Amino acid sequence: MSSEEPTPPSAPAAHDTIPARPFSEPERAAVYRAIHERRDMRHFCGGSVDEAVLLRLLRAAHHAPSVGFMQPWRFVRVRSPQLREQIHALVEQERLCTAQALGEREPQFMKLKVQGVLDAAELLVLAMPPGREAHVFGRRTLPEMDVASAACAIQNLWLAARAEGLGMGWVSLFEPDALAALLRMPAGSRPLAVLCLGPVAAYYAEPMLQQEKWAGRAPLDSMLFEDYWDEKAGQ
């Protein structure tokens with residue numbers, strides 16, 4: 001018998017990596033500019049979105065992070081004018097219901113432009129597929145992480161749209177079951193967002209709801225706590 005020590009098994013090949021270097025100053029500035037100039041747009045000027053640009057935007061959305069790598073997003077590109085009209089009608093129906101639920105703020109709300117379904121060059125619906133309950137990783141105690149993950153895809157799309165000089169608006173004024181029926185979605189699926197996308201004449205200098213005095217951005221220090229919840233600030 002040989003007295004030589006057995007050869008240890010070879011270590012598995014290391015995964016590919018990307019150097020952890022910061023972006024250059026112009027690259028960083030571009031990222032932060034997209035973040036700070038992104039707007040929830042309601043005013044569109046028709047036109048079109050080049051197919052190659054649309055594909056870039058959807059790829060950006062598809063590269064969003066997701067809990068347990070579940071990727072709970074499906075995109076429905078609405079191309080039928082009749083279907084677009086039907087979605088617009090659903091939004092208008094919910095707009096009236098929302099106005100009534102707002103009580104004394106109803107008149108102020110009814111003056112707001114809350115969607116661009118008929119005006120935007122492209123209309124996309126982001127929906128979550130059925131079978132999401134099979135994804136337990138990261139969702140056992142927080143099942144709503146499918147929604148959080150899908151929202152990351154929407155944010156990626158939003159930022160990429162700003163970088164491409166396009167506007168995007170997230171419309172959530174609709175009854176989910178009615179929209180799912182319109183789109184012939186399977187049982188267990190759920191529409192999360194109607195996304196209006198396309199050329200705009202200009203971006204709002206600040207969020208539209210802030211411009212319209214509906215609400216204002218809270219200061220960061222009122223939302224930043226240390227160690228424990230701040231009862232005075234955390235309302």
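This is a predicted model: local features need pLDDT of at least 70, side-chain atom pairs count only at pLDDT 80 or more; totals for chains, interfaces and linings use all residues.
Turned along the principal axes, the C-alpha atoms fill a box of roughly 90 × 45 × 40 Å.

Next, switch to a surface, of which the protein exposes about 15,400 Å², with 56% supplied by carbon and sulfur atoms; buried residues make up 34% of the 235 residues. Colouring by charge picks out 25 positive and 29 negative side chains, and the centres of these two sets lie 6 Å apart.

Now show the aromatic side chains, among which the structure holds three pairs. Select Trp158 and Trp170 for one of them: the ring centres are 6.1 Å apart and the planes stand at 55°, so this pair is tilted. Trp158 belongs to helix 5 (residues 145-163) and Trp170 to strand 3 (residues 167-171), so that the pair links parts of the chain 12 residues apart. Trp158 counts as buried at 9% relative accessibility, whereas Trp170, at 24%, counts as partly exposed.

Finally, select Phe225 and Trp229, whose ring centres lie 5.0 Å apart with planes at 70°, so the pair is edge-to-face. Phe225 is partly exposed, with a relative accessible area of 25%, while Trp229 counts as exposed at 57% relative accessibility.

Notes
Residues are numbered from 1 along each chain as its sequence is written. Side-chain values use heavy atoms; hydrogens and water are left out. Buried means under 20% relative accessible area, exposed over 50%, partly exposed in between (1.4 Å probe, protein chains only). Accessible areas come from the Shrake-Rupley method with a 1.4 Å probe; for residues, only the protein chains shown count as cover. Lys and Arg count as positive and Asp and Glu as negative; His and the chain ends are not counted. The place of a charge is taken as NZ of Lys, CZ of Arg, CG of Asp or CD of Glu. Rings of Phe, Tyr and Trp (its six-membered ring) pair if their centres lie within 6.5 Å; planes under 30 degrees apart count as stacked, over 60 as edge-to-face and the rest as tilted. Helices (H or I, at least four residues) and strands (E, at least two) are DSSP runs, numbered from the N terminus.
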